[in-house]
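Biologist: I have a protein model open and I'd like to learn how to read it. Can you walk me through some features, one at a time?

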Amino acid sequence: MLSRRSFIRASGGAAAMAALPATVARAKAAAPELVAREYAVQLLPPDYPETSVWGYDGQAPGPEIRVMQGDRIARRFVNRLPQASSVHWHGLRAENAMDGVSGLTQDAVPPGESFDYDLAAEDAGTFWYHSHNRSAEQVARGLYGPLIVDEPTPPDVDRDVTLMLDDWRVDPKTGQITQDFDAPHDLSHGGRLGNFISTNGEAAYQLPVRRNERLRLRIVNAANARLFTLGIQGLDGWLMAYDGMPVTSPEPMPETLTLGPGQRVDLFVDVIAEEGEEALLGRIDQSKGYVQAAFPVSGRASANRRPAPAPLPRNRTPDLAGLADAATLRLEMSGGAMGSMREAIWKGSSRNADELMENGQFWAFNGLVGMTETPLARLSLGQVARMTVVNDTVFPHAMHLHGMHFRVLAQDGTPGPLRDTLLTARGETHEIVFAADNPGRWAFHCHMLSHAASGMMTWIEVTA
Ligand SMILES: [Cu+2]
């Protein structure tokens, strides 16, 4: 098959196009392009030089992709990067062939080539898209953006605001992203933590607001490895959704909220700061705090606050009927610095810790390092699975399941909210349950991208 680029060359461009038969000229218009390439942006404060990033459509983060629930998301991904790449649509329960995982659901798209994505937006909510090839490098360089699916009936808020949180590792002298994407210390410890925090690609994100205005804040942790622990000041409200999925009844805003890499929350907050004051979102309760977003208040939206919100309409997610006789699975994490992993199987044979280290591999799931020929589990379509996730390491991990959302069981066995990314602290054990209602080969990996690159990557197959 001809790629679009070679087609234009072969046809001689516009002149030849004009001579094409009418049927071809009337062919379905190509999807809008999403072009990945290198460019410079003013990421750091103005007294620093521009930073060269890899991003989508000349922005960092990439452009907001926004559709109505039930519509399709169609994009022609054009790769103008010096590396192969692919695009994953994080949190969408869509078609497996469109999931964008290089090496599992598609081949990485080589430089100069393109790939047509076309997938259903079945769930309303807050999602994001990002590179899923060499992600520890490519996402760190800026290849991510927001993906919003709107409810058919808009909820009662004054403004809908997406906040993508990231940290970047930049050389303060040059203002450039440091190239140490596979530094052994990052791989084996807490991942690639940055030294420059941004919101929507800005150092000092500000949004002017009015008193009593109700904001929907869609917060996305797009960082490679950082956990964001957020508090709010001058805002009050409710937690409405985790990882794109509404909670059954709005939860009063907790004092602090921790988001692991890949995780999202939707908040409805009212501005309760006085006129002339500033409401804040950030790490404001600690001595080493930082402001993630500032909301200067001027004027009033209304004399009083609105009543408490109704829950967001639930998405059509499967129920967990059959939980009692669910398939039982186990995922035991081991490895990392200060871990007890002495050997593990990598690329089909047993290796000792030294061999693994020399190859930049530090972590294992059930004693297996990285992707394997056979999946962690094979489930039949519609089967309910219950998985024990054991974090036998001294680091937190953020396990992301593609294609399906799961619930975390509370101590007493009650299923919690739907999520697609599980944040697990050192030494913790969690039980998660999900209905295998989406056929295909689904990645299941740590979203601390340096960990995924050094062993924490597996997959689950759902067969029709
Ligand atoms: Cu991890």
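Modeller: Let's begin with a charged pair. Side chains of opposite charge can pair when their charged atoms come close. In this predicted model, the side chains of Arg93 and Asp437 meet in a salt bridge, with 3.6 Å from N to O.

Biologist: Which domains make up the chain?

Modeller: The chain is divided into domain 1 (33-150), domain 2 (157-300) and domain 3 (323-463). The centres of domain 1 and domain 3, taken over C-alpha atoms, are separated by 24 Å. Their contact takes 18 residues from domain 1 and 22 residues from domain 3.

Biologist: How many salt bridges does the rule find across the interface of domain 1 and domain 3?

Modeller: The rule finds one salt bridge across that interface. Polar contacts are counted separately: 13 residue pairs, both at pLDDT 80 or more, are in polar contact across the interface. On the side of domain 1 that touches domain 3, the elements giving two or more residues are strand 5 (87-90), strand 7 (125-131) and helix 4 (135-138). The residues of that side divide into seven nonpolar, eight polar and three charged.

Biologist: What area is buried between domain 1 and domain 3?

Modeller: About 1400 Å² is buried between domain 1 and domain 3, and carbon and sulfur atoms give 60% of that area. In domain 1, the residues that lose the most area to domain 3 are Arg93, Asn96 and Leu104, together 41% of what that side buries.

Biologist: OK, now the whole model. How many salt bridges does the count come to?

Modeller: The count comes to 34 salt bridges by this rule. Take Asp150 and Arg66, whose closest N and O atoms are 2.9 Å apart. Asp150 sits in strand 8 (residues 144-150) and Arg66 in strand 3 (residues 65-68), so you have a link between distant parts of the chain, 84 residues apart.

Biologist: Which residues does Asp150 contact, leaving aside its neighbours within four places in sequence?

Modeller: With those neighbours set aside, Asp150 is in contact with Arg66, Val67, Met68, Gln69, Ala124, Asp160 and Arg218. The side chains of Asp150 and Arg66 also make a polar contact, at 2.9 Å.

Biologist: Is Arg66 buried, exposed or partly exposed, and what tells you that?

Modeller: Look at the relative accessible area: under 20% is buried, over 50% is exposed, and partly exposed is in between. Arg66 has 31%, so Arg66 is partly exposed.

Biologist: Let me try that on another pair. What are the accessibilities of Arg159 and Glu213?

Modeller: First, the pair itself: Arg159 forms a salt bridge with Glu213, and their closest N and O atoms are 2.9 Å apart. Arg159 has 27% relative accessibility, so Arg159 counts as partly exposed. Glu213 has a relative accessible area of 1%, so Glu213 is buried.

Biologist: And what about Arg419 and Asp243?

Modeller: Arg419 and Asp243 form a salt bridge too, with the closest N and O atoms 3.0 Å apart. Arg419 lies in strand 29 (residues 415-419) and Asp243 in the loop between strand 14 (235-242) and strand 15 (245-252), so this pair ties together parts that are 176 residues apart in sequence. Arg419 is buried, with a relative accessible area of 14%, and Asp243 counts as buried at 0%.

Biologist: Which residues do salt bridges that share partners join into one network?

Modeller: The network joins Glu64, Arg66, Asp150, Glu151, Asp160, Arg216, Arg218 and Asp266. So you meet Asp150 and Arg66 there again.

Biologist: Last topic, the backbone. Where is a cis peptide bond?

Modeller: A cis peptide bond joins Ala60 and Pro61, with omega at about 0°. Pro61 is in the loop between strand 2 (51-56) and strand 3.

Biologist: What is the phi of Asn212, and what is the phi of Met338?

Modeller: Asn212 is not a glycine, yet has a positive phi of about 70°. Met338 is not a glycine either, and has a positive phi of about 65°. Asn212 is in the loop between strand 11 and strand 12, while Met338 is in the loop between strand 20 (327-335) and strand 21 (343-346). Asn212 is buried, with a relative accessible area of 4%, whereas Met338 counts as exposed at 65%.

Note on methods
Residues are numbered from 1 along each chain as its sequence is written. Side-chain values use heavy atoms; hydrogens and water are left out. Domain bounds come from an automatic or database domain assignment. Contact means heavy atoms within 4.5 Å. Buried area is the accessible area (1.4 Å probe) that two parts lose on being put together, summed over both. A salt bridge is a side-chain nitrogen of Lys or Arg within 4 Å of a carboxyl oxygen of Asp or Glu. A polar contact is a pair of N or O atoms within 3.5 Å; within protein, one must be able to donate a hydrogen and the other to accept it, and residues adjacent in sequence count only if both atoms are side-chain atoms. Helices (H or I, at least four residues) and strands (E, at least two) are DSSP runs, numbered from the N terminus. Ala, Val, Leu, Ile, Met, Phe, Trp, Tyr, Cys and Pro count as nonpolar, Asp, Glu, Lys and Arg as charged, and the others, Gly among them, as polar. Buried means under 20% relative accessible area, exposed over 50%, partly exposed in between (1.4 Å probe, protein chains only).
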